[in-house]
Amino acid sequence: MDDGIVRSISTGLSQKGVRDHNERLLLSLMLRHGELAGSDLARLSGLSAPTVSGILRRLETEGLLSRRAPVRGRVGKPSVPMALAPDGVLSLGLKIGRRSAELLLMEFTGGMRRQLRLDYDVLRPGPVLDFLTEGLGDLCSDLSPAEALRLCGLGIAAPFEIWNASTLSLEFPEWSGTDLRAALADITALPVLAMNDATAACLAEQIYGRGKEFRDYAYFFVGSYLGGGIVLNHSLYEGHRGNAGALGSLRTIGPNGESRQLVDMASLHLLQTRLRDVGLDPARLSEGPKTWAALARYVEPWLGETAQELAKASLSTCSVIDFEAILIDGAFPETIRHQLVERVRRYLATQDTRGLIVPRIEAGRVGGNARTLGAASGPIVAQYLLNTNTFHTTEIVDQAG
């Protein structure tokens, strides 16, 4: 686990591959369950006690684990729980949005050390790259030499079209002709991992939110534009080209009976547009729950329309894969998230569900910071945690060569 390359899991693992697989398994279990004794890890992993003991000693020596106070009062020797060391791994995450960029320094267990933000009216590459360059210097200047060595990479969460040259000129004309990967190589020597921004939000929910409660689920993130993600067998599923779970592209029907995409019918930009049309500043939505309550005249109809679209989209999604649950989150206050989820549940009860097993509709937990947190999680998952799917397509570039 000392390089930045994502290994595929196959049936023909070398001895080093087996060791890495088992290390990832134990680290993933501790991230999911919290501190655990070696005996508990052996039971959960199916590995022998001596194998677990050897791995734990190695990971503790590497600084990835820390010992907790012995648990006494049981028959036999006191057990010594082990836990992830928060500063055992550090990671950087950059979220590139349509109206803002955020840069985060995150610890192994999800703790956020520092976060920087840049707001803009138009998404242009120059200011974003300058923000990244200056921000990396700012965040890393506070690290000790030992902590700097624990930086495992930079994750970047951005709209899929930014990485897709065939649609750049349509969605983001300012980025046409910009080789983002080459620009990143000039800024940092860290391994750089790129993913869709909604996929990153799903990853954050899976690792640090309610995703631990479910084996398989679909995830909707309602930001300025709606996106989504898919989790199968406790792991994010990205698909062959890294764009699985593009739920914003689901088909729906517009107000005049025309074919539309879900992203055009259930996103925050619709509410922002309504506010702008009546002379109100959409930026007020970032002020918090009291402002959302004060704007109830505009928020209420948007909630109803968005919930209706998400209810239909949830059934469409579950007609392809029998998901245990649908998780819904977004860039809005917790009270709005729960209102939206409750309305989706009510609308779902009125839909034609013949041939389907209706999934649970649940609220996500991470909230508006999910995309940035997910970006920072990407390098940690790629290098330290277990992916239970058969392949992993997130691109990680070892800038150090």
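1. The backbone nitrogen of arginine 215 is found 3.1 Å from a polar atom in the side chain of glutamate 324. This is a predicted model, in which local features need pLDDT of at least 70 and side-chain atom pairs count only at pLDDT 80 or more, while totals for chains, interfaces and linings use all residues. Residues are numbered from 1 along each chain as its sequence is written, and side-chain values use heavy atoms, with hydrogens and water left out.

2. Glutamate 324 sits in the loop that runs between α12 (296-318) and β13 (325-330), where helices (H or I, at least four residues) and strands (E, at least two) are DSSP runs numbered from the N terminus. Because its relative accessibility is 35%, glutamate 324 counts as partly exposed; buried means under 20% relative accessible area, exposed over 50%, and partly exposed in between (1.4 Å probe, protein chains only).

3. Setting aside neighbours within four places in sequence, the residues in contact with glutamate 324 include Glu213, Phe214, Asp216 and Pro359, contact meaning heavy atoms within 4.5 Å. Glutamate 324 and alanine 218 are 106 residues apart in sequence, and their C-alpha atoms are 8.5 Å apart in space.

4. Asparagine 22 belongs to helix α1 (residues 15-33), and it counts as buried because its relative accessibility is 13%. Not counting residues up to four places away in sequence, asparagine 22 touches Leu47 and Ile55.

5. Which class does each of cysteine 140 and cysteine 202 fall into, buried or partly exposed? Cysteine 140, at 28% relative accessibility, is partly exposed, whereas cysteine 202, at 0%, is buried. A search of the whole structure finds zero disulfides, a disulfide being a pair of cysteine sulfur atoms within 2.5 Å.

Notes
A polar contact is a pair of N or O atoms within 3.5 Å; within protein, one must be able to donate a hydrogen and the other to accept it, and residues adjacent in sequence count only if both atoms are side-chain atoms.
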